Amino acid sequence: MVRHLLFLWAWLWATAASAAAPFVISYSGRLTDASGAPLTSPRELIVTFHDAAIGGNPVGPTIPLHAVNLVDGTFQRTLDLSEADLATVFGSTTVFIQVQDTASGKSYPRQTFSAVPYALRVPVNQTLAFDAA
């Protein structure tokens, strides 16, 4: 009985965790002051997505990033998106990401945001050929 309850609990936890944010995207940036000097940490940031570089409409979720540590002004955090958020953000239009420092009220210029595929493992055997004619 205990074994079945543990299995059920593990399955429910895994299902809930995957339903909450099945897509995790790594995002990094560099924050500077008006003179170009790197900011120090920690920072409270808000990340938003928009359908235009200037003006436009927000798309997708607003993601708060708490206590972001900066190293020489740079940071790297994950953005957790649900399946619906992912479809909205990477739908049929170009999307722009904006970072706002809530402590200073500064909004950094929006940048084009796109997904870049990468290989987790490249097969190294006789079936892979480079510059094959």
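Which residues does His50 touch, not counting residues up to four places away in sequence? Keep that in mind while you get your bearings. The model on screen is predicted.

**The whole chain**

Show the chain as a cartoon. Follow the chain along the sequence and the pattern reads α-β-β-β-β-α-β-β-β. Of the 133 residues, 26% count as buried. Take contacts between residues at least 6 apart in sequence: 61% of them join residues at least 24 apart.

**Stop one: His50**

Select His50. This residue lies in strand S2. His50 is buried because its relative accessible area is 9%, and the cut-off for buried is under 20%. Now for the opening question. His50 touches Asn57, Pro58, Val59, Thr94, Val95, Phe96, Gln98 and Arg110, with residues up to four places away left out. The side chains of His50 and Thr48 make a polar contact at 2.9 Å.

**Stop two: the nonpolar core**

Next, select Leu31, Val47, Phe49, Leu79 and Phe113. In the largest nonpolar core, which has 22 residues, these five touch the most other members. Colour the elements that give two or more residues to this core: strands S1 (23–30), S2 (43–50), S3 (58–68), S4 (74–81) and S5 (95–101), along with helix H2 (83–89). The largest share, four residues, comes from S3.

Zoom in on Val47. Leave aside its neighbours within four places in sequence. Val47 is then in contact with Pro61, Thr62, Ile63, Leu65, Leu79, Ile97, Gln98 and Val99.

**Stop three: the aromatic rings**

Now select Tyr27, Phe49, Phe75, Phe90 and Phe113. Together they form one aromatic cluster. The count of aromatic pairs comes to four. Hide the rest and keep Tyr27 and Phe113. Their ring centres are 5.8 Å apart and their planes stand at 65 degrees, so this pair is edge-to-face. The angle cut-off for that label is over 60 degrees.

**Last look**

Bring back the cartoon and keep Phe113 highlighted. This residue belongs to the aromatic cluster, and it is also among the core residues that touch the most other members.

Technical notes:
Residues numbered from 1 in each chain as written. Predicted model: local features only at pLDDT ≥ 70, side-chain atom pairs only at ≥ 80, totals over all residues. Heavy atoms only, no water. Core = buried A, V, L, I, M, F, W, Y, C linked by side-chain atoms within 4.5 Å. Buried < 20%, exposed > 50% of the residue type's maximum accessible area, 1.4 Å probe, protein only. Contact = heavy atoms within 4.5 Å. Phe/Tyr/Trp six-rings, centres within 6.5 Å; stacked < 30°, edge-to-face > 60°. Polar contact = N/O pair within 3.5 Å; in protein donor to acceptor, adjacent residues only side chain to side chain.
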